[in-house]
Structures are given as structure tokens and as C-alpha cells.
Amino acid sequence: MKTFDWIVIGGGITGAAVGYELTKKGFSVLVLEQNATPQNATRYSYGGLAYWSGTTELTRQLCSEGIERHRILSQELDGDTEFRELDLILTIDADDDPEQVAAAYSQFAVQPGLLSVTEACKMEPLLNPHAIAGALTLRHGHIQPENTALAYCQAAMRAGGEMQIDRVVGFLRENQRIVGVTTPTGKYYSANVVVCAGGLSRMLLKNAGINIRVYFTHAETIETPPVDLQLSTCVMPARLKRFQLEADASDNDALWNSPGNEVVPPILDPGAFQFQNGSIRMGQISRAIADFDAKVDPSRSETDMRAEIGKLLPRVANLPGTWHHCLVAFGYNRLPVVGKIPGVEGLYLFSGFTNPLVFVPPLAQRFANWATGQEDPIIPQLSPIAANYP
């Protein structure tokens, strides 16, 4: 019976990065991913790296470390993450005051420039000038998130790590210590287990009687095949509603105990990002429904998303595409949840990333260093907090 130093649950960007960094430190590591072709948040991510968005000393440091890691990742991992830096357009609704919206960005590490309608449409010719009062702009990082996760996994395996396609359904315990995991096909043993399961993290822990303040949304997006139409920029609304939804949805943890309960009303943030192969991901709708298997109406959702995107980018909204849905994790204070789970030996969490793609690389590196016994000033600030119910 083989016993690993670490089992990493989840092969998305979080699990892949953690698995790689732990393997680099000399640990024996097994990454378990439930799907051979993942349908997770990494798969349907826009791929954006908002390294400009730090508002506190902590988040500014992570943003700075994150963009520096991304600039060298392709070379380090020997795999193309498709990293680049693009112009980002943050659209201001026609009935909003541009100066007031711009003032709300004064707290960010990099403050965007304010564009008139004419300037915004010159920068992004596909914009509908009648739908906006102006826009904000700044540089924005971008990667292909699936390729990045794959590059991490392949680098980890070249360094001696292992990966299996298997679905974790529970934990193996000896008294108050976790000693491995169970799957439909068997058992895997390890000295430590880290949950990097994104939106499924809450369910996995809750089924084991472990209540941690990490949550999830049902996110919906539309993906096109490669198209000839070319976006000149990345486009997002300046007033993103998702952050407020996450803050409101985490205010009352008890509401998450009733499956099917819609904790807060859904939101729609219209935006569009194009990848190097010409495909476009646009959307998105976010729903805070306390049920992992909640059913939504794809036809209605796609209609709603296309209608909102059509106001901003009429030619993009009419492109053929496919509706997709996934779970997206978030924490209770707009910060990820990283570290040892209280009251249970050998169990850790690495999830709840509101700004995942820029934060994950530096935090995975810090987590692996911390796992060797090194002190880290950031990990304790992100430690899992137990929910206040039995």
C-alpha cells in the first residue's frame, strides 16, 4: 500500500499549481481529478489576470507576485500558458456618471484612465457608442487557463508527482486525523490532504461534517468556436456586480444549509474575452443557489446573456456559441481560504479565490514553502474559519 506525503483533491488551476509546488519541494504527491475532460471553473474562465486590482497591502503584494510568476511560468513549466498583456475596457453604463465611476477605482494599485465614448470606441471598434457614457482602461494580463493547468500538471509529473482520474467522495480518518481519501474505486493514503476542489470544496467538507466558510456560485457563460471577428480589447463592465453578490451571499452562512435556497438574487455582468485561437467567452450570470445540482434554464440564460452583451457588443452577441455552466468558489471576505482546517489534523484547504488566476501561482508557492515548515506572513491571514453552526 503506497502512502503519499500529500494528496491534492482537484486538477483545476488551484490543484495543479499546488501539486506542482509541493512536488518541487520533494514531497510525494498525488493529484486526484474527477474528470478526464474537466468541466470546472478553470475550463470556463475568461483567463484574465487583474494584477492591477489590489486594494490592500496583502492583495497588492499577491497581485505583484502573481504577475511576476505568470511572466516566467511558460519557461519554468516548459508549456505555453499563452500569457500576454492586453488593453482592458471597463464600460460605463449610459446612465452612470463617468467621473463618479472612475473615482471608485482610486483605491486600486493601478488606476485606470478615463475614456470618452469616442475614445473608447476608437480603442474597441465593436462597442456600441449609444450604450455607454464612457469607459475606463488599463493593461490586463491574460492566459489560456486550461493550458496553464495542464502545464502545471505535466511539470509536476516530470518532477515525480502522480495524477489519477478518480472522484473523491470522502476522507479516511484515524480519530481526529485524516489519513487519506476514498473514491468509488478504492482508497488512497497520505500524511496530508489539501482540498483544491473549487466550487465542490464546500460539499466535500460538509459531507464529512466539516463546516468552513467557503461558498460557490453557479456561473454561466457562452463560448464560441474560433471566429474571424476580432476584439481589439478585453471588455468588462466597470461596475461588476459579482463582488457584491459574493459579499451579500456570505453574510449569513446558515442560509447555505437549505438545498435549493437562492441566497441572494442572481446577477449578470456582460463581458467578452477572446483567446489566441479566436474563440470568445462571454457572459456571465452568477447565481448563489445553495444546491450543487441546482437546475437552471440554459435557453433563458443564454437569451438573457446575449441581450445584455448585445447592448455593448452587438456583433459579438450574435455569434454562434454554446452555453456552459460551472461552479465557482469564493471566500467570506473577498480573500481565498488557504491553510489548515481547524480541529482536524492533516487536512488543508486551498479554495475560494475571487481573483484566482493572478493569486494562485504565488499562493501555491507560498503554501508549499509553508508545508515544509517555513514561516509565512500571508498564509495565516487566509486560514479557514469554521462556520457558526453544528
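## A walk through the fold

Glu82 counts as buried because its relative accessibility is 17% (buried is under 20% relative accessible area, exposed is over 50%, and partly exposed lies in between, with a 1.4 Å probe and protein chains only). The model is predicted, so to speak of a local feature takes a pLDDT of at least 70 and side-chain atom pairs count only at pLDDT 80 or more, while totals for chains, interfaces and linings use all residues. Residues are numbered from 1 along each chain as its sequence is written, and side-chain values use heavy atoms, with hydrogens and water left out.

**The chain as a whole**

The protein chain holds 10 helices and 17 strands; these are DSSP runs numbered from the N terminus, with helices being H or I over at least four residues and strands being E over at least two. Its radius of gyration is 21 Å, which agrees with the value near 21 Å for a compact globule of 390 residues (taken over C-alpha atoms, with a globule rule of 2.2 Å times the number of residues to the power 0.38). The C-alpha trace spans about 65 × 45 × 40 Å along its principal axes.

Of the 390 residues, 56% count as buried. Among contacts with a separation of 6 or more, 74% come from residues 24 or more positions apart, where a contact means heavy atoms within 4.5 Å.

**Two positive phi values**

Glu82 has a positive phi, near 60°, in a residue other than glycine, and its place is the loop between α2 (57–77) and β4 (84–93). Asn175 also has a positive phi, about 60°, and is not a glycine; this residue lies in the loop between β8 (170–174) and β9 (177–183).

**Other residues to look at**

| Residue | Relative accessibility | Class |
|---|---|---|
| Glu21 | 2% | buried |
| Asn192 | 14% | buried |
| Gln107 | 44% | partly exposed |
| Asn175 | 73% | exposed |

Glu21 sits in helix α1 (residues 13–24). Its side chain and that of Arg69 are joined by a polar contact of 3.0 Å (a pair of N or O atoms within 3.5 Å; within protein, one must be able to donate a hydrogen and the other to accept it, and residues adjacent in sequence count only if both atoms are side-chain atoms). Setting aside residues up to four places away in sequence, Glu21 touches Arg69, Pro361, Ala364, Gln365 and Ala368.

Asn192 belongs to strand β10 (residues 186–195). Beyond residues up to four places away in sequence, Asn192 touches partners including Asp5, Trp6 and Tyr348. Asn192 and Ala371 are 179 residues apart in sequence, yet their C-alpha atoms are 9.8 Å apart in space.

Gln107 is in the loop between α3 (98–103) and β5 (113–115). With neighbours within four places in sequence left aside, Gln107 contacts Gly54, Thr55 and Arg60, and its side chain reaches the backbone oxygen of Ala104 at 3.4 Å. Pro129 is 22 residues along the chain from Gln107, and their C-alpha atoms are separated by 28 Å.

Finally, a cis peptide bond links Gly283 to Gln284, with omega about -5°; Gln284 is part of strand β14 (residues 280–289).
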